[in-house]
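Work through the exercises below with the sequence and coordinates open. Each task is followed by a stepwise solution.

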Amino acid sequence: MHDTALLIGRFEPVHSGHLALLQEALRQAPQVIVVVGSAWQARSPKNPFTWQERQAMLLQALPEADRARVQVLPVRDYYNEAVWVQAVRAGVAERTQPGARIALVGHFKDATSSYLRAFPGWSLIDLPRQGSMDATAVRDAYFGATADTVGEALAPLAADIPASTRAQLQALAQTPHYMALQQEWRMLRGYREAWAKAPYPPVFVTVDAVLRCQNHVLLIRRAHAPGKGQLAVPGGFIEQRETVWQSCLRELVEETHCHLPEATMQAALQSVAVFDHPDRSQRGRTLTHAHYFDLGDAPFPVVQADDDAALVQWTRLDQLAGLEEEFFEDHFHMLDHFLGLTGSLMSSEQLSSTKRA
């Protein structure tokens, strides 16, 4: 018998396969911890629900007696498995006694399930696939509908969608988020279809500029999908006859009109990092070269939004953590890498207090 059983997932949204794994976890131990991933992400077609909404889906799908045995642990996407594993272990340690016997319940669906082997010391209960339902199928049916036809679109899947999930889907469909997410979903489908006949899966190369000045950082609001209206650092795709350095400077100027001499930018350059997590972008395999510049206490360069930027703004570093849910893709984590916004490891209580700040 185990003291605690652990279930890890994104649950975007919760379906019958998730519940089958959760019920097995409840059979394995008196206490269950559900790690809800992709917490504090901006809404997107892949991650349309907040972690609180997914928590409600899970708990409301259980009998009341079982709800009292389940705790939800939200964990952000760090796009770094070692840091993510540390965060999960720290959150679990806060909720269990030292030396607790922990079982990790899961199913190896594909390469994205490799994290199940990242927790030596915990028993692994590897179960076969629990039914044929997949969250992607639910999202595709959902975003392919309209606010008025969501129920009809989901009817063929209704047997595998708990009432709590259906309620959240219906509720989101009545908000402005739904139409925005639909537009993103259509754009991303078209984007992938355009490359579907390429002889090899494409790998895209982009650049980003993290520009710091007087303990502020330069951000834009994206003008177009994907991520329309979300915060990002200036950047874009590299062109055929450019180095990543040239591309970075060009994109900075095109999006923000930040005209600084190249020598000034070279002197301000602190480091360059490649962000290459396979799941960092819903557009497909996209690698970015992020350049971190620090202008110190120099006067703020004059900036103006243009090109793919609807708005450009200098934002204080101490405000960035409170804006986490507004960032496009992994741009908050890009800032975290250079600026240390969250620290290498934070407890779940610290994560929660950061979000409330």
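The exercises cover nonpolar cores, a cavity, backbone geometry and salt bridges.

The model is predicted, so local features need pLDDT of at least 70 and side-chain atom pairs count only at pLDDT 80 or more, while totals for chains, interfaces and linings use all residues. Residues are numbered from 1 along each chain as its sequence is written, and side-chain values use heavy atoms, with hydrogens and water left out.

**Exercise 1. Nonpolar cores**

Task: Find which residues touch the most other members of the largest nonpolar core.

Solution. 
Step 1. A nonpolar core is a set of buried Ala, Val, Leu, Ile, Met, Phe, Trp, Tyr and Cys residues joined through side-chain atoms within 4.5 Å. Buried means under 20% relative accessible area, exposed over 50%, and partly exposed in between, with a 1.4 Å probe and protein chains only.
Step 2. The largest core has 42 residues, and those touching the most other members are Leu-22, Val-32, Val-34, Tyr-142 and Leu-154. Helix 1 (residues 16-28) supplies the largest share of this core, five residues. Helices (H or I, at least four residues) and strands (E, at least two) are DSSP runs, numbered from the N terminus.
Step 3. Leaving aside neighbours within four places in sequence, Leu-22 has contacts (heavy atoms within 4.5 Å) with Leu-7, Val-32, Val-34, Leu-58, Leu-62 and Val-70.

**Exercise 2. Backbone geometry**

Task: Locate the cis peptide bond from Glu-12 to Pro-13 and the one that joins Ala-225 and Pro-226, then examine the positive phi of Gln-214 and of Glu-329.

Solution. 
Step 1. For the bond from Glu-12 to Pro-13, omega is near 0 degrees. Pro-13 sits in the loop between strand 1 (4-9) and helix 1.
Step 2. For Ala-225 and Pro-226, omega is about 0 degrees. Pro-226 belongs to the loop between strand 7 (216-222) and strand 8 (231-232).
Step 3. Gln-214 has phi near 50 degrees and lies in the loop between strand 6 (204-213) and strand 7. Its relative accessibility is 30%, so Gln-214 counts as partly exposed.
Step 4. Glu-329 has phi near 45 degrees and lies in the loop between strand 12 (309-316) and helix 11 (331-339). Its relative accessibility is 14%, so Glu-329 counts as buried.

**Exercise 3. Cavity lining**

Task: Which residues line the largest cavity?

Solution. 
Step 1. On a 1 Å grid over the protein atoms alone, a cavity is a set of points where a 1.4 Å probe fits but cannot get out; lining residues have an atom within 4 Å of a point.
Step 2. The whole structure holds one cavity of 30 Å³ or more.
Step 3. The lining consists of Trp-40, Gln-41, Ala-42, Glu-324, Phe-327, Glu-329, Phe-332 and His-333.

**Exercise 4. Salt bridges**

Solution. 
Step 1. A salt bridge is a side-chain nitrogen of Lys or Arg within 4 Å of a carboxyl oxygen of Asp or Glu. The count by this rule is 15.
Step 2. Asp-330 is in the loop between strand 12 and helix 11 and Arg-280 in the loop between strand 10 (269-275) and strand 11 (286-294), so the pair ties together parts 50 residues apart in sequence.
Step 3. Asp-330 and Arg-280 are both buried.

How values were computed:
On a 1 Å grid over the protein atoms alone, a cavity is a set of points where a 1.4 Å probe fits but cannot get out, and a pocket is an open set with protein on both sides within 12 Å along at least five of seven lines; lining residues have an atom within 4 Å of a point. Grid points are joined across faces, edges and corners, and a volume is the space filled by probe spheres set on the points.
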